[in-house]
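Hi,

Here is the structure I said I'd pass on. Have a look, and my notes follow below.

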Amino acid sequence: MVAFVLIHLFLMHYATAPSATGAAFVGGRWRGAGWRAFDWTLLVLALTHGVVGVQGMLREVIRRPAVRAALDVTAAAIAVGFAGVGTVAVMAAPLSHHGGIAPEYAWIPSVLVGGLVVIATATYLAVASAGMGIGLRVARREPIGRWHYPGQWAFALNRAAGAGILGFLLVHVLDVALFPLAPDLYDQTVRAYSMPYLIPMEVGLVAAVLYHALDGLRLIALEILDRRATAAGGPSFVAVLALTVGLSLPALAVLLGWRR
């Protein structure tokens, strides 16, 4: 899955700007069955991984069996529902050459963009709150407890990145679903990616995907090496952070360059 994700990330955030991936871009890409198969496989893998991951996180804090059962049913419904919507969009792509659906549905792009704005706002507030909390403790010379350990930061960032990626993925599946039905509305939604307010979120999304993927590979390597890698936990985390920042900068340059 990491290979699929990194290829998709390069095509959509490095080779071009997200706001330029309109109906013409997707139509050209999906003319071949190979790319449709690639995107469908990525959809299933990422959606399954994300839903199961967030479900596991919530099950850790939910103790009542009835609530856990409801959570499991909801997670399964979300995974199946969004996989179905994404599958229909991918399979119907060759038919998406008409002008679009009736004008009364013109509100759909606004709702989808609103969802992105909500995700962006929640992300900005969460980062600001966490930064302020840690900053105040450091300024007051108070102990920061478990946050003193690199492993805690790696664990928390991995989970936060995964949850954020899933939130964006769900909205993204819905906007791609517009492509076979109304390419004009899809173009309106995609153009919103050039909004200045969303630029930090897009850079954060690239960083989250990179970190989540690289940290996953790091954890696999540490698990394989077992005791031989006991001292490598901290340095490998720092290396993943440095790689994430370094690899995110070109995506930022693409976003800012496209805006000009």
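Predicted model: local features only at pLDDT ≥ 70, side-chain atom pairs only at ≥ 80, totals over all residues.

Contact here means heavy atoms within 4.5 Å. By that rule, serine 236 touches Arg218 and Leu222, leaving out residues up to four places away in sequence.

Residues are numbered from 1 along each chain as its sequence is written, and side-chain values use heavy atoms, with hydrogens and water left out.

Back to serine 236: it sits in helix H10, residues 233–259 (helices are DSSP runs of H or I, at least four residues, numbered from the N terminus). Its relative accessibility is 18%, so serine 236 counts as buried (under 20% relative accessible area, 1.4 Å probe, protein chains only). A polar atom of its side chain lies 2.9 Å from the backbone oxygen of glycine 233.

Now the helix pairs. H5 (residues 107–139) packs against H8 (residues 183–191) at about 30°, with the axes 9 Å apart (axes are lines fitted to C-alpha atoms over the stretch in contact, and angles run from 0 to 180 degrees between N-to-C directions). The two are therefore roughly parallel (angles under 35 degrees). Pro109, Leu112 and Val113 of H5 meet Leu185, Gln188 and Thr189 of H8.

H1 (residues 2–14) and H3 (residues 33–61) pack at about 115°, their axes 10 Å apart. Among the residues making that contact are Phe4 of H1 and Trp35 of H3.

Cheers

Note on methods
Buried < 20%, exposed > 50% of the residue type's maximum accessible area, 1.4 Å probe, protein only. Polar contact = N/O pair within 3.5 Å; in protein donor to acceptor, adjacent residues only side chain to side chain. Parallel < 35°, antiparallel > 145°, perpendicular 65-115°, else oblique.
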